Amino acid sequence: MIGIDLPVIWAFIIAFAVFVYVVMDGFDLGLGILFPLFPEKRDRDVIMNSVAPVWDGNETWLVLGGGGLMAAFPLAYAILMPALYTPMIAMLLGLVFRGVAFEFRWRTTKERNKWDIAFAGGSLLATLAQGIALGAILQGINVSGRTYAGGWWDWLTPFSILTGVALVIGYALLGATWLVMKTEGELRDRAYRLSWILLMAMLGAIGAVSAATPFLSLQYTQRWFTFPNIVLTAPVPVAVAAVTALLLRSLANKYDYQPFFLTLALFALSYAGLGISMYPYIVPQSVTIWQAAAPENSQVFMLFGVAVLIPLILGYTAWAYWVFRGKVNHESGYH
Amino acid sequence: MFEGWDAVVLARAQFAFTMSFHIIFPAFSIGLASYLAVLEALWLWTGREVFINLFNYWLKIFAVAFGMGVVSGIVMSYQFGTNWSAFSDKVGPVIGPLMAYEVLTAFFLEAGFLGVMLFGLKRVGPKLHFMATLMVAIGTLISAFWILSANSWMQTPTGHAVNADGQFIAVDWLKVIFNPSFPYRLVHMVLAAYLTTALVVGAVGAYHLLRDRHLAGARVMFSMAMWMATLVAPIQIIAGDQHGLNTLEHQPVKIMAMEGHFTSHKDGAPLILFGWPNQAAGRMDYAVEVPKLGSMILKHSPDAPMAGLDTVPRENWPPVPVTFWSFRIMVGMGLLMLALGAFSLLMRIQGKLYDSRLLHLFAVAMAPSGFIAVLAGWITTETGRQPFTVYGLLRTVDSASPLAAPAVASSLIAFIIVYFAVFTAGVIYLLRLMAAPPHPGEEGPRSDVPARAAGITPAAGVAAEGAAR
């Protein structure tokens, strides 16, 4: 494997898996966050049915992100998970509540409200925990030798709370634009109105996180604002502005599909921004992707599988989405 | 309040608790996915309405059980990092790729086709839908393949080396995957999953036969389940015996704990049926034993010498009472299953399969026996390889995360509260679904969404025809 930098390839594969997770489970979780705003059973049934056939596949990308990290960068996995102990446990418990609600709420009339609360609360908790975990990684982690050396509350800072709230807003926007795409009538109108409000909030959140990040460490400042890096980094905020303009226009024109996909573009740009800030560290400021990389033959062994299977997975996942394409309404799960 | 507690003990308790809850659901859904594929194949082949009714009946149950398996499984995949970070760092390069392959080849396959399997019959037609069911069933088996390979490598590690950072690395991936205990463990576990499901299906069938012995769906599922018990229970006992001989070869200390052999026997070891293992004193109290039978079973010779735990340093002893008793519970369940299979065969030959109340009561009582056997079996094999995570090479105490006891205790309590609240509700919903008799025109999941009941495919047509009768 001379000439090929395996850890870099694997960093992109893990980043890809996590991004697909954020994109796909993002709108599922966003629907849960928005659930309290739709108190009618009819609306809730439609919202649930719009993701019921695909949520499980969406969540599998989280397992790939975690499992892939353990396999390809075991040292990073071993440092990050104890460092993020509380947010991780909170996320897992939130996902338990959210996941079982998909089936349980159809199995009981008396307790349906309970599982609706579990769905909304679980989604909110999982999202907040993911956002906080992101902030906790960005702000740096106390490492000694090959282990985490901090306490179990180190993750809790104003910055990590900010990223937590920002992700809640972002997922809610994904959920709202998903509803615009997948529903009709009054439900869709309300989703439009929510999309406006959430987009404004999301822009505020992107601004706040972007403004706060350079203050976390000198490395981030140098990465973004010094020449020649600035030639590469400057297009990111420019692209964010352009996508925002298109998104505003698509909402004003009440398009069906554009708001969702433009929101995804906004996520992709924010994600690229995070990548620019972190690279080449996998545990910021202490462990690089080369230091954390698993032995070459582990990474090579998995690369064969990834090269063949990821395209296959994307193929049949796309097929499942295609099967359940179109608007969902009250009369049928799908029509 | 947990300052005096040992973080490693708490982390082990957390793993044992979350794992025990988790394994119940895959054990059931591996078998149920295959059963659903068989039912749908029989429906497509024969066109008999009863098969699609049974398919839809069990599909609703599958949806609930599978959901619980998914959410409890995600916890497992992150727990290696949160609570066992030293293990993850050292062993991740070897078992990480096996688990990554499980995700890539199995989890995505199951999840990708699950939506179509649950909700898509009317959208894709019966043939494509059958393919989706088949993919889910195959996915559950591929998943078993990889995770049992990873577990077996930890029990009988081969094909590896250790690098400068103290990490295990694979030297020969085929030797890692097909390590010595893997084929035995895979067969034993998949058969266990099939038996577990068959015993639940049989119990549900028997429960409804007790109320109405002419109910078509109940008769079909009961007969199918009893065939499984009759045929698979004896095969499973043979497979278990072979697995035991493999363990004797590669993990003799585990066998000593299972058999309760504290002391060595130079000329033939007894088979200790029951007794009270006294770990502190290193002896078996109140032993009820059959002379020479232990050597007969394990070495096929009554006078073959057998080493005992007195040949093993104390610090390498597993917790003998747990291993010893969980093994007996598993074997006891297996013998009861064998009895059920034999009894049902006798009744079948006499033409009383659907009439014997005694058989039906026995089958209902056996509903949880598969789960009990699976849990007891896993407790046997996992406590029997203690005090190691990677057998003989990495100690459990050296595998844990650098966490304070209060952190682990808090999360353990959170898991206990949430799991009991959530999974109790789930089990109640499952039992409620099972308590309703299968009927003509059975609908799939989401039957309370009105328009789901009508459609254009053969399935709905057959269902409508059934309902009209």
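Predicted model: local features only at pLDDT ≥ 70, side-chain atom pairs only at ≥ 80, totals over all residues.
## Helix α11 of chain A

Helix α11 of chain A runs over residues 235–252 and holds 18 residues. From its first C-alpha to its last it reaches 26 Å, close to the 26 Å expected at 1.5 Å a residue. Val240(A), Leu247(A) and Ser250(A) are buried in α11(A). These residues lie on the same side of α11(A), because they cover an arc of only 90° around the axis. The other side of α11(A) carries Val238(A), Ala241(A), Ala245(A) and Ala252(A), which are exposed. The cover over the buried residues of α11(A) includes α8 (185–216) and α12 (258–278) of chain A.

Just after α11(A) comes Lys254(A), with a positive phi of about 55°. Lys254(A) belongs to the loop between α11 and α12 of chain A and is not a glycine. With 12 other C-beta atoms within 10 Å, Lys254(A) is exposed, because a residue counts as exposed if it has 12 or fewer.

## Helix α1 of chain B

Helix α1 of chain B, residues 7–46, is made of 40 residues. Its end C-alpha atoms are 58 Å apart, which agrees with the 58 Å that the helix should span at 1.5 Å a residue. Just after α1(B), a positive phi of about 75° is found at Gly47(B).

## Crossing of α7 and α10 in chain B

Two packed helices are described by the angle between their axes and the distance between the axes. In chain B, the axes of α7 (residues 216–250) and α10 (residues 320–349) come within 8 Å and cross at roughly 145°. The crossing of α7(B) past α10(B) is left-handed.

From α7(B), the contact is made by Met226(B), Ala229(B), Thr230(B), Ala233(B), Pro234(B), Gln236(B), Ile237(B) and Gly240(B). From α10(B), the contact involves Gly334(B), Met337(B), Leu338(B), Leu340(B), Gly341(B), Ser344(B), Leu345(B) and Arg348(B). The residues of this contact of α7(B) with α10(B) are nine nonpolar, six polar and one charged.

## Two buried residues of chain B

Met189(B) is part of helix α6 (residues 182–211) of chain B. It counts as buried, with 25 C-beta neighbours inside 10 Å. Not counting residues up to four places away in sequence, Met189(B) touches Ala144(B) and Leu148(B). Between Met189(B) and Asp6(B) there are 183 residues in sequence and 32 Å in space, C-alpha to C-alpha.

Ala376(B) lies in helix α12 of chain B. This residue is buried because 20 other C-beta atoms lie within 10 Å, and a residue counts as buried at 20 or more. Leaving aside neighbours within four places in sequence, Ala376(B) is in contact with Ser326(B), Ile329(B), Met330(B) and Met333(B). Ala376(B) and Thr196(B) are 180 residues apart in sequence, and their C-alpha atoms are 13 Å apart in space.

## Backbone exceptions in loops

Most residues other than glycine have a negative phi, and most peptide bonds are trans. Lys292(B), which is not a glycine, has a positive phi of about 70°. The loop between β4 (283–290) and α9 (293–299) of chain B holds Lys292(B). With 18 C-beta neighbours inside 10 Å, Lys292(B) counts as partly exposed.

The peptide bond from Tyr279(A) to Pro280(A) is cis, with omega near 0°. Pro280(A) sits in the loop between α12 and β3 (281–283) of chain A. In chain B, the peptide bond from Gln386(B) to Pro387(B) is cis, with omega near 5°. Pro387(B) is placed in the loop between α12 (369–384) and β5 (388–390) of chain B.

Note on methods. Residues numbered from 1 in each chain as written. Chains lettered and ligands numbered in written order. Helix = DSSP H or I, 4+ residues; strand = E, 2+ residues; numbered from the N terminus. Expected span 1.5 Å × (residues − 1). Arc of directions from axis to C-beta. Contact = placed C-beta atoms within 7 Å. Axes fitted to C-alpha atoms, helices over the stretch in contact; angles between N-to-C directions. Left-handed = near helix turned anticlockwise from the far one by under 90°. Nonpolar A, V, L, I, M, F, W, Y, C, P; charged D, E, K, R; others polar.
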